[in-house]
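The following note sets out numbered points for a colleague examining the model.

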4 protein chains.
Amino acid sequence: MIVVMKTDTPNLEIQRIIQELQSESITPEKIVGKHKVIIGLVGDTAGLNPQHLQQLSPFIEKVMRVDKPFKRASLEFRHGEPTEVSVPTPNGVVVFGQNHPIVTVAGPCSVENEEMIVETARRVKAAGAQLLRGGAYKPRTSPYSFQGHGESALGLLAKAREVTGLGIVTELMDPADLAKVAEVADIIQIGARNMQNFSLLKQLGAINKPILLKRGMAATIEDWLMSAEYILAAGNPNVILCERGIRTFDRKYTRNTLDLSAVPVLRTLTHLPIMVDPSHGTGKAEYVPTMAKAAIVAGADSLMIEVHPNPTKALSDGPQSLTLEGFDQLMQQMALIGQAVGRWSKKFSISTATPASQKPLTAKA
Amino acid sequence: MIVVMKTDTPNLEIQRIIQELQSESITPEKIVGKHKVIIGLVGDTAGLNPQHLQQLSPFIEKVMRVDKPFKRASLEFRHGEPTEVSVPTPNGVVVFGQNHPIVTVAGPCSVENEEMIVETARRVKAAGAQLLRGGAYKPRTSPYSFQGHGESALGLLAKAREVTGLGIVTELMDPADLAKVAEVADIIQIGARNMQNFSLLKQLGAINKPILLKRGMAATIEDWLMSAEYILAAGNPNVILCERGIRTFDRKYTRNTLDLSAVPVLRTLTHLPIMVDPSHGTGKAEYVPTMAKAAIVAGADSLMIEVHPNPTKALSDGPQSLTLEGFDQLMQQMALIGQAVGRWSKKFSISTATPASQKPLTAKA
Amino acid sequence: MIVVMKTDTPNLEIQRIIQELQSESITPEKIVGKHKVIIGLVGDTAGLNPQHLQQLSPFIEKVMRVDKPFKRASLEFRHGEPTEVSVPTPNGVVVFGQNHPIVTVAGPCSVENEEMIVETARRVKAAGAQLLRGGAYKPRTSPYSFQGHGESALGLLAKAREVTGLGIVTELMDPADLAKVAEVADIIQIGARNMQNFSLLKQLGAINKPILLKRGMAATIEDWLMSAEYILAAGNPNVILCERGIRTFDRKYTRNTLDLSAVPVLRTLTHLPIMVDPSHGTGKAEYVPTMAKAAIVAGADSLMIEVHPNPTKALSDGPQSLTLEGFDQLMQQMALIGQAVGRWSKKFSISTATPASQKPLTAKA
Amino acid sequence: MIVVMKTDTPNLEIQRIIQELQSESITPEKIVGKHKVIIGLVGDTAGLNPQHLQQLSPFIEKVMRVDKPFKRASLEFRHGEPTEVSVPTPNGVVVFGQNHPIVTVAGPCSVENEEMIVETARRVKAAGAQLLRGGAYKPRTSPYSFQGHGESALGLLAKAREVTGLGIVTELMDPADLAKVAEVADIIQIGARNMQNFSLLKQLGAINKPILLKRGMAATIEDWLMSAEYILAAGNPNVILCERGIRTFDRKYTRNTLDLSAVPVLRTLTHLPIMVDPSHGTGKAEYVPTMAKAAIVAGADSLMIEVHPNPTKALSDGPQSLTLEGFDQLMQQMALIGQAVGRWSKKFSISTATPASQKPLTAKA
């Protein structure tokens, strides 16, 4: 249930209403939007009568029930205003959100050694990426596969951050590693296989780092938003949703089925920013550029692209990684599409002296 | 197996080779590409030795096995050259193919009456559509749902064609209706539920109309290409593949899961033109524009869009139909994206005096 | 909507009510059950008021709406009484239904030649099968695979029927073959790929042969019952439903996922008899016996088992076919389970002098 | 790779071979079977030559590569001998395995209070269950749903164990709770959502309690065995696999699709015991008895059944829980089937003075 306050409601009145609504079973949350303040109520609201609530104050514009199972994650809960997730990095604040330019996150599946991660960071930065991804702890199907270099890889990510100023995105698998990961990461990634690891999700409320929540392989959109709700309910409002492909009956030519229509669907359901990962989504480097560009048009606020200096020698996910050159080219192609939809940062824009229409975009990276 | 002839091989020599290759179990097919002639061999080729074949003539450039289960539909079979499907319409020839502007097919799910189909035809033509879709025979899950007006609807489609000059796309369900449908249709559609109705597919070789083959709900990409192969093998080379969403575990917010990555995947497997139908793919009008534009960037050669003068009163598929105004707007948005990727017809291009980047494209139709 | 008549309602009164209910949009159907007569109403029943109908006659026990999308196929439509599908064969009438012993249908995927089909028929009859399956027209994914011997195979099936007295089950793919197939078949099979070939389904109302309707690979239970409804609505009440596996994400060790829980689910939704085909369901002969026995306990009324004299040389579906010896053994194992659940024909029962519990049943056929 | 020793190889010789095979990259594991000893080698075995290994000792019968991605979990790794998982409980040792009677685990989804859990334990014990299930920590899709009573519920399970002597099965979600859970649980359950929570799996090697590993909703059989491999590789050989339904396109009438053919498939791939959970598999109490009995015939070594004294008031999963009476009846029905396949404990056998065939088994619990 949400209580929408009129514009220019005095702060004291808002405080008073919050105090009145506070109870054992309900903790009101103040949400400050661009134009309005909303008071969100989650909990045992079944017994509340919207009409009675309305009478609490003449400053209340309206009271509405949120009829979705996800509350804080619902678009209604912020009265339609998109969340902006701001990530401070040495190079400046990067903002994820519907009214901001598309943010590109790039880097290798796993951090392999200092040279490769620093070199990759330099190159993806030069190409226009704003954050570096790189796995220290890797969820692998087989216990005999490379499991990531763990803590030492975190150190290498810190080094790459220091050298390039790029913010860091890395995955957390074990609650015991939370402090260590949070020290290095600017965004903490929760992988598809842990999307319903509720113990882990609950602990993410305690930290002030944004969370990148990947969609589980068999997660419905509703399951996914409920998992986001766990994090929001635990007290961390900075969640980015990442579509990375779902599991279907056809797995011969792509590793997963990238569900791009999830992007416009999410837009009608939630205020949270949306990222797309075409690398895991397709599992093959040759399809990544095409789907990255399609994701921009589908409305993604951010793209995550796997890049490796030498994909054929990668310790993990080589087949889906672009080369450094491939990523360079992709960023130029993405710029054209990003500009066409008005979502590309001016800083990275491409002169259109040569009109885009004369440069056919191909699926070859 | 294919035999690639050198450029400028004399016609007589090609004829001679074809005669030599002809046997009880193999019928060679001559495929004339832009630069080369290829002789395709399908059948009992296991016993053929490529090196022996090579020695048949000094004009043979190379001999290659096609290692896919689909032969005629494979990219190798045309040595990488895309098929162009040409559709003569009163307004001129419409060409579907990778090196041509995107073709838009629009119209209602079902033909309901003369006024609605003619009016819709006029309006979608004005907005830039080149073909009119409209169902006379409708495959409906329930025997109690509207089954289409059948033969009389075919007459109304003919009328709309006459009035607007648009080519007609309509579905064939029953082999017994083939002649009647072929008389009116410029392209014959085979629906998702009949994708593996092999009796029907075999009969499509006998006619000279292009076939629009929709992907079955649980069809792998390989199954789908094998169904195209049935039509090609029966003697009809003009097949257009149409992705329209597959069935997955999540059916709450969309009717199907539109598999856009099928487009770049098909591009690496087949020479056939590719259409995308975001109306069935999503099942909701509000998601159609976004996914239509994403499909363009994914590489679709054609879009099929359901449009109805009054979707809330439609006899079938109302929820996924755009209004006439919605389609107008979509075509303008599609033009911007189509121009950005160099795939939009100049005839329908939009002046970019106002740069596209200043007109944010939204999901609202 | 159904009108349940009191026991012992005079026939004339039933006739009178039917005449009163008859209208342009509704054709009442008289359903004679073991104890009661029901009048089923399908069509434009939205405007009918159950309370008004009730007043038509004091012999009306009650009037109920059928709230499922399938009407004639619903359990309510027969007021909970199972349908019995009776199949006259030279060896006597075979009855499919919930209160009858389990019926076994066995035979090869395709009819290959006279010797193999007659020999197989003899052997499966000796082992206890009551009907012979064998494909004359085969739906194959590839146009280059063996497509069945067609009409000549029908002749061989007739021969096998003559020699053994077994009833024949064979597949119809093309409406044009209906008369020919109906001449030989005692049950006409509609395959999974044609489950939503509505043109074909509609034509099955015109014949008086029972129809075996296989579940489509991506068909929900509701889709499937709606397809049965097409046949029932066309006037043929003798439909047997056959579960044969659905398509899921895991296709490595089995060809399909046999959905055995569909059996108890169907039991709560429909009165139609239920068959299970573990051969297509698993796609591997080694798993067929185990799943055949599990299907009995799940409540199947009938089993369809692929059997071939020499599976490694079969023209189609060899990997999932049992040998003749394997089928012999399976029938003995099935007898033990069938007796345990009280669903095995006494004619084929096995002496339990040696208690079943001392003969461990293994998955090896 | 495995080294199979001849029967009666002296222990010292086995020790000698193990020492010779020990290296930085390979730790040999001694597996003592009923008749033979096997030395299993996992790790960097690519460089090992089976013929050279054979020459290490005349007592080596043969050396074989394990060509599956799962090694320790593979049937080959134990040379075909089934694992027996022995669980000491106050009432005696309960053994899970292919050559043992079926073990029934029953109890509520969540532990709600002392009275309900103790009462349920008493009743399911009386009916023949050997272990009590009950959730203390519950993985719930929504953060607002009941999350389990946690530590206090563990105390109640301990109480129920004390009163009835039944062993306890309860779920572990958070590695931080491992010690607490292990203190009470006789078997630790890892839920479907955590099947690929690899951090958690790795920590299960450190304890000597058997692990019940549920199949993930979108896990292939191979993924599942790889997760078991994590536990085995971490040093805990006592893993029981539990099929609980997979996620498919049809979710209307059942919560999941119970994949019963996974049971015979697993039998050909692994030596680990197999459990089936028809309660989660179907999600509806009315289908549980039928599928529980079918699971026995499919070859399950154990059944897990949700039982609640008052399902309509259950704090979680009420719709899929049997009543205490329903469970009583199910156990009698299961006994008949279990006896028919020779897998029912004599202790719980039912007199067959009234032959089973005269007691029709229905789907009604």
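Which residues are buried in α10(C)?

1. The coordinates under review are a predicted model. In α10(C), the buried residues are Val288(C), Pro289(C), Thr290(C), Met291(C), Ala292(C), Lys293(C), Ala294(C), Ala295(C), Ile296(C), Val297(C) and Ala298(C). Helix α10 of chain C spans residues 288–298 and is mostly covered, with 11 of its 11 residues buried. Gly299(C) follows α10(C) and has a positive phi, near 110 degrees.

2. The interface of chains A and B may be taken next. Here 43 residues of chain A are in contact with 44 residues of chain B. Two or more residues of the side of chain A that touches chain B are given by each of α7 (221–233), α8 (262–269), α10 (288–298) and α11 (324–340) of chain A. Among these elements, α10(A) provides the largest share of that side, 6 residues. The side of chain A that touches chain B comprises 22 nonpolar, 13 polar and 8 charged residues.

3. Chain A is superposed on chain B by a rotation of 180 degrees with 0.0 Å of shift along its axis, at an RMSD of 0.1 Å. The two copies are therefore related as by a two-fold rotation axis. Ala294(A) comes closest to the rotation axis of the residues of chain A, its C-alpha lying at 2.3 Å. Both copies use the same surface, since 100% of the contact residues of chain A recur in chain B.

4. Helix α8 of chain B, residues 262–269, is mostly covered, with 6 of its 8 residues buried. Those buried residues are Ala262(B), Val263(B), Pro264(B), Val265(B), Leu266(B) and Arg267(B). What do the buried residues of α8(B) pack against? Their partners are α10 of chain A, together with α7 (221–233), β12 (239–243), β13 (274–276) and α10 (288–298) of chain B.

5. A further interface joins chains D and A. In this case 23 residues of chain D are in contact with 23 residues of chain A. On the side of chain D that touches chain A, α6 (198–203) and α7 (221–233) of chain D each supply at least two residues. The element that gives the most to this side is α7(D), with 5 residues. By class, the residues of the side of chain D that touches chain A are 12 nonpolar, 6 polar and 5 charged.

6. Chain C contains a closed barrel of 8 strands, in the order β7-β8-β9-β10-β11-β12-β13-β14, with parallel pairing. From one strand to the next, the twist averages 25 degrees. Strand β11 (residues 211–214) of chain C runs parallel to strand β12 (residues 239–243) of chain C, and 4 bridges join them. Within this pairing, Leu213(C) has Leu241(C) in β12(C) as its bridge partner.

7. Helix α3 (residues 114–127) and helix α4 (residues 151–164) of chain D pack at an angle of about 35 degrees, and their axes are 9 Å apart. The crossing of α3(D) past α4(D) is right-handed. From α3(D), the residues Glu114(D), Ile117(D), Val118(D), Ala121(D), Arg122(D) and Lys125(D) meet Leu156(D), Leu157(D), Lys159(D), Ala160(D), Val163(D) and Thr164(D) of α4(D). The contact of α3(D) with α4(D) includes 7 nonpolar, 1 polar and 4 charged residues.

8. A last point concerns Ile18(B), which lies in helix α1 (residues 11–21) of chain B. Is Ile18(B) buried or partly exposed? Ile18(B) counts as partly exposed because it has 16 C-beta neighbours inside 10 Å, whereas a buried residue would need 20 or more. Leaving aside residues up to four places away in sequence, Ile18(B) touches Pro28(B), Lys30(B) and Ile39(B). Ile18(B) and Pro28(B) are 10 residues apart along the chain, and their C-alpha atoms are separated by 6.0 Å.

Note on methods:
Residues numbered from 1 in each chain as written. Chains lettered and ligands numbered in written order. Predicted model: local features only at pLDDT ≥ 70, side-chain atom pairs only at ≥ 80, totals over all residues. Contact = placed C-beta atoms within 7 Å. Nonpolar A, V, L, I, M, F, W, Y, C, P; charged D, E, K, R; others polar. Least-squares fit on C-alpha atoms with pLDDT ≥ 70 in both. Pairing = 2+ DSSP bridges. Axes fitted to C-alpha atoms, helices over the stretch in contact; angles between N-to-C directions. Left-handed = near helix turned anticlockwise from the far one by under 90°. Buried ≥ 20, exposed ≤ 12 C-beta atoms within 10 Å, placed from the backbone.
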